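Morning, everyone. Please bring up the sequence and the model side by side. I will walk through them in a few minutes.

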Amino acid sequence: MPLNLAALLLTADSLFSCHVHFGKEYTTIVEAAKANNCGSPQLLMVLFAVRKAENGRPGLEFGVLHPRAVDQPNSLRVQAGWCAATISKTYARWIDADSPKDFISYLGARYCPIDDPKDTNGLNRHWVKNVKHWVQRLAGGVDWIDAPASKAHAVTYRIYSPITAARGH
């Protein structure tokens, strides 16, 4: 069943929730998102959720381990930019692949793979669950949407649907 685009749009309350949760970081994260084609409300919400799920120290705020992204001057902007670019590019790959996974699971396989040899403590296995938790916490209740029809509805950013909108409330 095709989804109504309006059912996928985030509310002003959701974005206000992000502003409250991120304080001074909010503007920097939004600017980094827009500069890296990650400005749609849905992808922006994923970016905010990754920030909360990673909860990295200064210089590693989004958990990006590339040497040119770790401990750089203006580290929040650098980390947010790398993460936003990864989200944007992975979203395009997800649409092209028409993967049966929901977007967050597909992103997790690339951003935080379970079989990564650097993950000596096995923490990567929690990444998808944690990012989904933060999307739900920041955006309100959501239903995860699988991708099979994503090519036909790419413009709707088939990441999730707010539960209230999906149920017609």
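First, a caution. This is a predicted model. Please keep that in mind throughout.

Let's start with the fold. The protein chain has 8 helices and 2 strands.

Now the packing. The protein chain holds 169 residues, and 45% of them are buried. Take the contacts in the protein chain with a separation of 6 or more: 57% of them join residues 24 or more positions apart.

Next, the largest pocket. Its space comes to about 710 Å³. The lining has 27 residues. Which of them lie nearest the centre? Those are Glu54, Gly63, Leu65, Tyr111 and Cys112.

Four helices each supply at least two residues of that lining: H4 (41-54), H5 (75-97), H6 (103-111) and H7 (127-139). Which one gives the most? That is H5, with 6 residues. By type, the lining divides into 11 nonpolar, 9 polar and 7 charged residues.

Is cysteine 112 buried or exposed? Cysteine 112 is buried, because its relative accessible area is 9%, under the 20% cut-off.

That brings us to cysteines in general. A disulfide is a covalent bond between the sulfur atoms of two cysteines. How many disulfides does the count give here? The count is 0. Look at cysteine 38. The nearest cysteine sulfur belongs to cysteine 83, at 7.3 Å. A disulfide needs the two sulfur atoms within 2.5 Å, so cysteine 38 is in no disulfide. Cysteine 38 is also buried, with a relative accessible area of 0%.

Arginine 110 is in helix H6. What does arginine 110 touch, leaving out residues up to four places away in sequence? The answer is Thr90 and Arg93. Isoleucine 87 is 23 residues from arginine 110 along the chain, and their C-alpha atoms are 9.7 Å apart.

Further on, aspartate 115 sits in the loop between H6 and H7. Aspartate 115 is exposed, because its relative accessible area of 68% is over the 50% cut-off. Arginine 125 lies 10 residues away from aspartate 115 along the chain. The separation of their C-alpha atoms is 8.8 Å.

Last stop: the backbone. Most residues other than glycine have a negative phi. Aspartate 71 is not a glycine, yet its phi is positive, about 50 degrees. Asparagine 74 is not a glycine either, and its phi is positive, about 60 degrees.

Where are they? Aspartate 71 is in the loop between H4 and H5. Asparagine 74 is in the loop between H4 and H5 as well. How much of each is accessible? Aspartate 71 has a relative accessible area of 48%, so it counts as partly exposed. Asparagine 74 has 59%, so it counts as exposed.

That is the tour. Thank you, and I am happy to take questions.

Key:
Residues are numbered from 1 along each chain as its sequence is written. This is a predicted model: local features need pLDDT of at least 70, side-chain atom pairs count only at pLDDT 80 or more; totals for chains, interfaces and linings use all residues. Side-chain values use heavy atoms; hydrogens and water are left out. Buried means under 20% relative accessible area, exposed over 50%, partly exposed in between (1.4 Å probe, protein chains only). Contact means heavy atoms within 4.5 Å. On a 1 Å grid over the protein atoms alone, a cavity is a set of points where a 1.4 Å probe fits but cannot get out, and a pocket is an open set with protein on both sides within 12 Å along at least five of seven lines; lining residues have an atom within 4 Å of a point. Grid points are joined across faces, edges and corners, and a volume is the space filled by probe spheres set on the points. Ala, Val, Leu, Ile, Met, Phe, Trp, Tyr, Cys and Pro count as nonpolar, Asp, Glu, Lys and Arg as charged, and the others, Gly among them, as polar.
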